[in-house]
Every structure is written in structure tokens, then in C-alpha cells.
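Please read the following note with the structure open beside it.

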Amino acid sequence: MVTVLERDNALRQRAWDAAANVVDPEIPVLSIADLGVLRDVVFDGDHVEVAITPTYSGCPAMNMIALEIEIALERAGFHQPKVRTVLSPAWTTDWMSEEGRRKLRAYGIAPPQASSSRRALFGEQAVVCPQCGSDKTELLSEFGSTSCKALWRCKACREPFDYFKCH
Amino acid sequence: MAVANIQVSETPLVLYALRRADDALILGHRLSEWCGHAPMLEEDMALSNIALDLIGQARELYSFAATVEGRDNDEDKLAYLRDVRQYRNLLLVEQPNGDFAQTLVRQFFYSAFADLYWRAMMNSRDATLAAIAAKSEKESAYHLRHASEWIIRLGDGTGESHARAQTAIDHLWAFTGEMFAVDDGERALIHAGIVVDPGSLRGRWLTTLSDVTREATLTLPQNEWMQQGGRSGRHSEHLGHLLSELQSMQRTFPGLTW
């Protein structure tokens, strides 16, 4: 016999899995679960509501992510799903999963350094090259091709690379 | 202009949110004017990225203002359907980009303030404002680092870059006092613990400026006279031109959506 609680949990898990498979359109190897953008899945009656949190205030990928979540949930059989944006607590790269960090590195993007707690105006950073593993790297630009990345260069293998900024 | 301006009931809290939203939107728009024109590709991306952060902050603050006001205004109407005299931003942020040094000095003055301000606002008794502050604080800290590095590079660079950076500092200085001024309505919000007194941050703001300009071999002006007016809708001639561009699509095709 299946209890109501078990049934609800199974339903919620199914909705979570559907939403969690949505990927960041700019970094398609990372799912929104890897990123820590997916925060919660709740049911209001029969309708599912997914809570996401923006990485950066103006990140243009958020609109697309919200749309993709709605489509994924419709496909999984949930009707008229809703996506809600929550600001608090503010997103941090500390929420990125180990799996996410590994996928980023394999994709050629240096993952964020362990902790986002930094307050120095000119903090020293050592970023490891995702291509050759050398730590002889230098910053080219504080800003890169998307809000969440900076542009670096490896002095050992000479390759430029993206660094997922600590935030 | 084809569409009438909206009216906004400016209670102290609505006015407060509009002022901060207008700061972020106007500065974000100014920075976006560099897109495709910056001196190098990296800076083209940097200035556009900062613009995105600021416009994102503006959207949150406009939505908050609309919710507090509780009428049928929303973030788009507040941005696109108010005329220049209804805008409440600092005169500093509407100043033209000028040369690269002027853009970066303007950004440095503003970011050094925003960094302190949003960090302090994380303790607001209003949960939404505290949440907006927590996001904005992280972004502002990064903007400040970017601007500071450029101030040092320009000031401690060539004779030409030094002179341009110093000229920009001297020119924009009189617009910085407005950041720390409050009126009676805002003072009441400060006493209620909803917002922070910006005046209490001026000392630390000056310390940041002194530290960076010293390393940049630049000099902060000593003159104390400050230009004000933006917070009450009295703007320089530059803002109307900016708005005519920012608002042209909504004014020409009312209700247009993507």
C-alpha cells in the first residue's frame, strides 16, 4: 500500500528530476541543479511551482532557463507549471556541486575556487589551468563571455581559458 | 512622444526605491553605450557585463517600488513611461561617458559607494530590500575592483592617461555629495531601520578613494561645494537625451513586448 506521503514524495521527486535536467544555455554541460540555481519544488494543489535563484541580477540566461523548466515539466506531465524567482539567500558559487566542478573542468572552464568569502579589494587568486593543470596562469580580464566568467591565460601551455568567477 | 507619462504616488518608500532603481538603470544605460565602442574587446565585455548587473538590480528595485505602490505600475512602466523630471537618479550617473577615463572615474565613485551601501543594506528590516542588497553587494564589490584597477593603471600610467584621469576626477567631484544626502522622508525610513543612512558611509567611502588614488598618483579635490538636484528631478541637460533613446521604442510602439 502506498501512503499519501510516499506518493507526494515520488511526485515531487519526479518534478525535481525533470527540472534538474534543464541545462544552462551558456554552459550546456551544467544542469541548473549542478549550478545551485534550482532551489525548491513545491505543489500548490495539482500545480507544481519551481523556485530558482538568479546567478547574477542581470543574467540574460535566467529567462531562458525559466522557459526551459516550464517546457520540461509539461513534458513530464505536469500541467501549467510555474517558475518563481527567489533572491534570498543570494546565490553563491559555493553551492556548485562537486560533479558540476568536474564537468566544468572537463569542458575547459576552470571551476570557481573553493570559497566565495573574500573581502580584500585586490585579492590574490591562483587559478589552475583546466587544459594542462598548471597554476602558472594570469588574469586577462575580470569579465568574460558571460556574467559568471572571467578570462584567463595559462603561461605554461599558452592557452587562454574561461574561469567561472567566485561569487 | 506618443504615450502619456504615468503618475507615481511617491510615498517615502516608493521614492526611495525609485531613486536607487534610477541610479542603477541610468548608469547601466550609460555603460551600455560603450558596447561595440570600448577601447579594447575585454573592456567592451566588462562594461557591458557591469551594465547588465546594474540593469538587473534596477529591475528588482522597480518591481519592489511597484509592489509597494500597489497600483498598476510595473518595472517596465516605471522605466519607460516617466519623463525626465520624474527621474530621481544622482546627477553623477547621468553624466556623459566622455573619454574612457571619465567613464571609469564615474564608475569608481559610484561603485565605491554602492559596495558599502548595499553591504550595509543587507541588514534592512525589509526582507525584499535586504535580499536585493545581498545580490547587489556581491556585484558592486566586483565592479569596484575592476574600476579601482583601472584608476591605478590610468593614474600611474602615461602622462596622457594621468592627465585625463585627473581631469575626470576634478570634473565629476562636485556630483559626489548627492550620494550622501537624505530628505525628511528618507530620514524617517532610516529611523525605522528600513534603510541605511548614506551619510554614515562617507568616511569609509573617502578612505577607499584615498587608498586607490594615492596608489594611482592622483589627487582628490579639496573643494566642498556639491551640486545637487537629481534626487528631486532637477537634472542636467544630458538625461533628457539619454531617456529619448532609452524610451523611444515604448513611446513609439506603446506596450511593445519581445
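1. Helix α3 (residues 61-75) of chain A lies across β2 and β3 of chain A, and its direction makes an angle of about 150° with β2(A). Helices (H or I, at least four residues) and strands (E, at least two) are DSSP runs, numbered from the N terminus. Axes are lines fitted to C-alpha atoms, for helices over the stretch in contact, and angles run from 0 to 180 degrees between N-to-C directions. Two residues are in contact if their C-beta atoms, placed from the backbone, lie within 7 Å.

2. This is a predicted model, in which local features need pLDDT of at least 70 and side-chain atom pairs count only at pLDDT 80 or more, while totals for chains, interfaces and linings use all residues. Residues are numbered from 1 along each chain as its sequence is written, and chains are lettered from A and ligands numbered from 1 in the order in which they are written.

3. The open sheet of chain A has 3 strands in the order β1-β2-β3, with mixed pairing. Two strands pair if DSSP finds at least two bridges between them. β1 (38-44) and β3 (82-85) of chain A are at the edges with a single partner strand each, so one side of each has no neighbour in the sheet. Neighbouring strands are turned by 25° against each other on average, direction ignored.

4. β1(A) and β2(A) run antiparallel and are joined by 6 bridges; A:F43 stands opposite A:V48 in β2(A). These two strands form a hairpin with 2 residues between them, and A:G45 in the turn has a positive phi of about 65°.

5. On the other pairing, β2 (residues 47-52) of chain A and β3(A) are parallel over 4 bridges. Opposite A:I52 stands A:T85 in β3(A), and opposite A:E49 stands A:K82 in β3(A).

6. Which residues of β2(A) lie on its covered face, and which on its uncovered one? A:V48, A:V50 and A:I52 are on the covered face, whereas A:H47, A:E49 and A:A51 are on the uncovered face. In a regular strand the side chains alternate between the two faces of the sheet.

7. In chain B, the buried residues of helix α10 (residues 238-246) are B:L239, B:L242 and B:L243. A residue is buried if 20 or more other C-beta atoms lie within 10 Å of its own, exposed if 12 or fewer, and partly exposed in between. The face of α10(B) turned away from its buried side carries the exposed residues B:H241, B:S244 and B:E245.
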